[in-house]
Amino acid sequence: MSSATAIAHPNIALVKYWGKANTEYNIPATPSLSIALSALTTETTVSENDSDQVVINGLLVADKKINLWLERLRQEIELPSLTITSESNFPVSAGLASSASGFAALTEAISSAFDLGWDIKQKTDWARRGSASAARSVTGAWSTLVPLASDHPTIDSCDTTQIHDESYWDLAVVVAITDDTPKLFSSTIGMELSRATSDYYSSWVSSTHRDFTSALNAVAQKDFQTLAEIADFSCRKMHALMLSSIPAMMYWNSTTLDCIQVIKKLIAQKLPVFFTIDAGPQVKTICPPDLTDTVLERLAQVSGVKKLLQSKIGGGARSI
Ligand code: PMV
């Protein structure tokens, strides 16, 4: 009986992806840049069984995304029925990129259990078909996800690269959990709404290409200030795009705003710190490690914060 276990970390984008150029192969419309979070993990085991079963954090679930992914994979390779068991040490479906770590760990585990011999390109392509940002969790650390221009896109019309490993730049991330219930709009639905209805969509796509190039330069020079400005801008533009969609998507709550005010005060004191927020109400703060205690202490004073997590930059998905 074939079986294998893999772990992967979620990642947070400093230059965001929001919107798809191709839905069949899940190719983003924008390039993106991310860091993986070492302290947050998803561990996934796949094993042969009589029928498909998906168990996430101890609950048997009917996960449409995983089922569709398996259906597509079985169009390409022969696979038996599987039990997929996945455990995350952080809230899932709440804007903490659990689908990224989930599909990265699942891809790695399937590749290993059935000796598929996939190289990193095949792993990132298949993880991306489950959740585009999952490709960046396969490579981990500092990763880019870049759509490749093509009139006839295929599964490999996208590049995922680890541009630096986890030891490149010692930064810390503090995550303020302000609500751990599942989000209202899945990112797949939300992105399609933005593409179809927002007047800002085309400028979002073109300006993100510019932000991406500037961010790569800032990372190459370890220029924290410039990276902070670009990440802040990319995050605000993505949420403005969400708000300008019909219906409007508002992922923040009042505690999210209170956390933003706390970080803005630290920035006003000229401290090297910035925040970013994804499709959920959690606030992720990035700073040099020696500022972590200050950030933790200030965010702990925000009354609606349910939990604070701290992390360093983590590596890619791996079999264990
Ligand atoms: O990979 P998805 O479909 O879950 O989309 C992720 C979108 C954001 O997290 C909001 C941004 C990003 O680049 O990770």
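**Exercise 1.** Which backbone nitrogen lies 3.0 Å from a polar atom of the side chain of serine 311?

*Solution.* Before we start, note that this is a predicted model, where local features need pLDDT of at least 70, side-chain atom pairs count only at pLDDT 80 or more, and totals for chains, interfaces and linings use all residues. Residues are numbered from 1 along each chain as its sequence is written, and side-chain values use heavy atoms, with hydrogens and water left out.

Step 1: go to strand E15 (residues 307-311), where serine 311 is found; strands here are DSSP runs of at least two residues and helices of at least four, numbered from the N terminus.

Step 2: list the contacts of serine 311 (heavy atoms within 4.5 Å). Leaving aside neighbours within four places in sequence, they are Leu37, Ser38, Ala39, Leu171, Ala172 and Val173.

Step 3: pick the nitrogen, which belongs to serine 38.

**Exercise 2.** Is serine 311 buried or exposed?

*Solution.* Serine 311 counts as buried because its relative accessibility is 6%; buried means under 20% relative accessible area, exposed over 50%, and partly exposed in between, with a 1.4 Å probe and protein chains only.

How values were computed: Polar contact = N/O pair within 3.5 Å; in protein donor to acceptor, adjacent residues only side chain to side chain. Contact = heavy atoms within 4.5 Å.
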